[in-house]
Amino acid sequence: MATFGEFTVARLGMIASQMALNVTGHNISNINTQGYTRQRLDQYSFITSGSGLYHSQNSASVGSGVMLAGVSQLRDPFLDIRFRKEMSSVGSAGATLNGLDQLESVINDVNKTGITTQIQDLLGKLNDLNDHVGEKEFDSLVRSSAEALCQLLNTSAKNLQTVFENVYNQYKQDVQQADNILKKLQELNEEIRRSDINGDPALELRDQRNMLIDQLSEYMKIDVTYSKENLGAGFSVEKLTIKMVDNKTNKPGATLIDGIYRADLSIKQKVDGNGDPMVDADGKPVLDDLLRLSISELYDSAHQTKVSDTKSQFQLQGLNFGKNAQGGPQTIDIIYKDKDGNKNTVSVNFTVVKPADDTPEEVAKAREKTLANLADALNKDATLQGLFTAKATSNGLVMTSTGTGAQAAVVTEMKLGAGGTGITLGDTKSIAAVPANTTTVDEGHGYGALESTRQMLTGAGEFRTDGKDKSIRGIPYYQKSLDALANKFATEMNRINTTRPDGTSFSDPGANGEIAQDQAGNLFTAEGDDPKKPNTVITAGNISISSAWKSGETQVVASVSGNPVQGTMNDNINRLINVFEAGYTFRPSDIVRTNNTAFTTGEPKQDNGLAPGTDLTAHITYIDGMNQEHTVEVKFQAGATAEETQTNLAKALQGNADVNKIFTVTDDGTTITFDDKAVVPDGSLCNLVTDISFTDAKGNETDAFSLGDGKIGGIVSGDPIYKGNLEGCYANMEGVLGAHKNTTNTIYETYAAAADGINTSRDSVAGVDLNEEGMNLLQYQKSFAAACRLMTALDEAMDKVINGMGIVGR
């Protein structure tokens with residue numbers, strides 16, 4: 001090193017120490033800044049050159065000081081990945097827990113005026129009526145108690161709808177918030193990209209970006225990758241790509257952020273038969289029934305340029321002429337894939353121009369003319385026209401697709417055909433077009449707060465009517481469960497107050513001398529009691545006492561015989577009381593039955609002792625649109641086998657006027673299917689067979705022939721959701737909700753604890769520690785002082801050399 005080189009060493013040491021002190025001070029000043037990542041000064045030892053040609057092994061080689069490589073952040077990418085994965089789980093459980101908390105405020109019968117208490121009150125009023133049968137004031141007390149129960153059911157249904165609307169608004173806000181995060185990430189990517197081009201690491205902008213990515217991970221499971229984007233001339237910048245992870249495959253799916261491009265998030269909109277988005281009368285979008293998340297293709301920040309607007313390119317980066325290159329005709333094969341991925345080959349003829357001599361100038365002229373001929377020939381080819389445009393460059397050729405995105409054809413290879421022109425092709429490069437990124441996140445493929453909130457809004461559980469996953473119980477499940485309770489209560493009370501135990505109507509004289517009772521009738525109906533809609537299904541939201549009961553036209557029937565006795569247990573009041581105590585089977589089909597609902601019998605079975613020609617009677621039990629039970633008797637004869645007997649039964653059913661009035665009966669040789677003939681309007685229930693039993697010629701029930709266990713087919717479940725009494729049904733709803741909440745709460749706490757632990761580990765790496773920074777201050781202050789002392793020592797030494805040497809003897 002030259003004599004004055006050591007001054008450079010000292011100067012660089014002072015600069016490095018001063019910069020390190022600045023970085024340390026910056027860390028300390030941001031110790032309370034949310035999302036700040038600790039920074040450090042990157043340094044390396046500087047040496048001007050290697051050993052010289054005549055370097056002596058006896059001389060020592062010393063470096064030339066310290067150089068600054070820049071300022072970097074201290075982050076652990078693996079911890080970032082783990083934290084964001086856990087946060088998607090925290091967001092998922094947290095969103096579910098939020099919805100369940102709101103449901104619990106409605107389905108929580110712990111107060112004195114709850115549904116259970118009112119059911120018990122109505123039961124008590126019926127017992128009082130039995131002691132005072134015939135006294136209108138006691139009938140009025142029963143009516144008032146029943147009306148109060150209806151109002152409680154109405155209020156609970158209204159409150160559940162309010163919960164739905166609250167969660168629905170939250171879902172829309174969350175989708176908008178996630179979309180805003182993507183917009184901010186795009187803006188930050190643009191700023192960071194500009195900073196990278198200018199040589200600024202933009203560490204503070206990266207901190208902001210990391211915080212937004214952390215927030216996004218709560219809404220969905222994401223895959224974050226960093227790559228290098230080539231800007232040309234050997235210069236590249238960092239590129240951030242974020243993709244939504246498909247929860248089914250656990251692999252990256254739709255792209256949300258791709259450098260400076262981003263996708264829009266919205267709730268899926270319904271489309272009409274032409275595929276156009278549907279809007280309502282006010283021009284607002286009609287949303288998809290399942291409220292699925294929609295991801296658009298990628299746009300720039302101005303929302304004008306789509307990534308799918310890009311075209312494919314094939315670049316020929318050189319055309320070489322040999323020493324004895326000849327001119328004349330030449331063939332080139334263009335191999336390409338069309339938009340459907342089919343591989344095609346096209347041979348094109350063009351003319352090679354022979355160089356006048358071997359000088360570089362003449363070769364360049366010949367290359368330019370040859371490439372122009374090639375581009376002209378490609379553009380004129382009938383097959384390639386409409387697929388590509390060709391353009392000659394200074395040394396090569398570019399073929400660009402006319403289609404964009406997924407519609408773009410792609411050249412994969414160029415090959416020279418046979419010919420003695422002596423030319424060869426240079427390197428080639430293919431750039432694919434980017435297809436559109438439009439995606440709908442189907443059920444089960446999403447994960448995080450957005451998907452869990454969506455499930456709370458659409459999870460109908462066993463009441464689901466599209467045949468898909470019935471394990472998810474959200475707000476619709478509890479709404480339908482409450483509807484099933486209200487409907488079962490109303491229909492059973494109406495049935496007992498309108499029909500005798502043998503199924504005959506109270507409005508007609510009984511077979512055993514029972515008198516007709518004019519005051520018998522339905523006690524409950526759908527709100528409004530609209531005669532134009534007699535089959536409107538009774539739900540918790542519309543249940544009310546009938547207008548006939550309000551006016552006194554209908555009253556509680558006390559006795560089946562029509563001769564009630566005060567002070568004793570009148571048989572029909574006893575039947576009404578038994579409604580509250582009897583066990584029922586609650587099924588989704590009680591409250592959800594569409595035109596696709598049908599009943600199918602099981603496998604036919606027959607005893608060997610049943611002789612062919614034996615008379616049998618089938619008792620077809622079905623419920624109508626008001627869930628009132630009816631039975632139709634159909635006579636038929638046994639056959640030699642179970643299959644023949646079933647065929648005889650099917651023919652008898654198809655020929656029966658009462659059955660044919662309601663059902664279409666089909667027989668496939670194995671099962672019989674009963675399908676309601678009527679087209680059921682929305683808000684109503686179809687007729688549905690529930691059971692088939694058989695009696696012999698003497699009227700005794702027989703199992704000599706049976707049709708096995710029938711099942712409800714179509715898109716609604718006939719499996720029971722609960723078996724028990726009315727109070728037990730409501731208690732079961734509370735139990736299902738409580739168990740769901742407890743499980744979710746445990747899951748949430750587990751995920752939250754895991755995320756907190758990982759975040760603590762992240763902070764131990766990326767967070768600012770005051771003690772550590774204090775030590776750094778001392779270290780860099782000492783190194784700065786040492787560099788200054790070195791400068792002073794060198795100054796004294798040079799002063800001695802310059803001013804003190806060579807003056808001996810003066």
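At what angle do helix 2 and helix 13 pack, and how far apart are their axes?

A: This is a predicted model. Two packed helices are described by the angle between their axes and the distance between the axes. For helix 2 (residues 77-104) and helix 13 (residues 726-766), the angle is about 150° and the axes lie 8 Å apart. Angles over 145 degrees count as roughly antiparallel. Helix 2 and helix 13 are therefore roughly antiparallel. The crossing of helix 2 past helix 13 is left-handed. Sorted by class, their contact holds 17 nonpolar, eight polar and seven charged residues.

Helix 13 has another partner, helix 8 (residues 475-498). Here the packing angle is about 170°, with 10 Å between the axes. That makes helix 8 roughly antiparallel to helix 13 as well. The contact of helix 8 with helix 13 has eleven nonpolar, two polar and one charged residues. On the helix 8 side, the residues are Tyr477, Tyr478, Ser481, Leu482, Leu485, Lys488 and Phe489. They meet Leu726, Cys729, Tyr730, Met733, Val736, Leu737 and His740 of helix 13.

Aspartate 139 sits in helix 4 (residues 136-197). Its relative accessibility is 6%, so aspartate 139 counts as buried; the cut-off for buried is under 20%. A polar atom of the aspartate 139 side chain lies 3.2 Å from the backbone nitrogen of valine 556. Leaving aside residues up to four places away in sequence, aspartate 139 touches Leu129, Trp549, Gln555 and Val556.

Glutamine 186 is buried, at 1% relative accessible area. Its side chain reaches the backbone oxygen of aspartate 300 at 3.5 Å. With residues up to four places away in sequence left out, glutamine 186 touches Ile257, Ile260, Tyr261, Arg262, Tyr299, Asp300 and Ser301.

Next, the loops. Most residues other than glycine have a negative phi. Leucine 291 has a positive phi of about 55°, although it is not a glycine. Leucine 291 is in the loop between strand 7 (265-267) and strand 8 (293-295). At a relative accessible area of 7%, leucine 291 is buried.

Asparagine 627 also has a positive phi, near 60°, and is a residue other than glycine. Its loop runs between strand 24 (615-623) and strand 25 (629-637). Asparagine 627 is buried too, with a relative accessible area of 10%.

One more loop residue is asparagine 395, between strand 13 (388-392) and strand 14 (397-401). Asparagine 395 has 40% relative accessibility and counts as partly exposed. It touches Gln317, Gly318, Leu319, Arg367 and Leu371, with residues up to four places away in sequence not counted. From asparagine 395 to tyrosine 36, the separation is 359 residues in sequence and 50 Å in space, C-alpha to C-alpha.

Definitions and conventions. Residues are numbered from 1 along each chain as its sequence is written. This is a predicted model: local features need pLDDT of at least 70, side-chain atom pairs count only at pLDDT 80 or more; totals for chains, interfaces and linings use all residues. Side-chain values use heavy atoms; hydrogens and water are left out. Axes are lines fitted to C-alpha atoms, for helices over the stretch in contact, and angles run from 0 to 180 degrees between N-to-C directions. Helices (H or I, at least four residues) and strands (E, at least two) are DSSP runs, numbered from the N terminus. Angles under 35 degrees count as roughly parallel, over 145 as roughly antiparallel, 65 to 115 as roughly perpendicular and the rest as oblique. A crossing is left-handed if the near helix is turned anticlockwise from the far one by less than a right angle, and right-handed if clockwise. Ala, Val, Leu, Ile, Met, Phe, Trp, Tyr, Cys and Pro count as nonpolar, Asp, Glu, Lys and Arg as charged, and the others, Gly among them, as polar. Buried means under 20% relative accessible area, exposed over 50%, partly exposed in between (1.4 Å probe, protein chains only). A polar contact is a pair of N or O atoms within 3.5 Å; within protein, one must be able to donate a hydrogen and the other to accept it, and residues adjacent in sequence count only if both atoms are side-chain atoms. Contact means heavy atoms within 4.5 Å.
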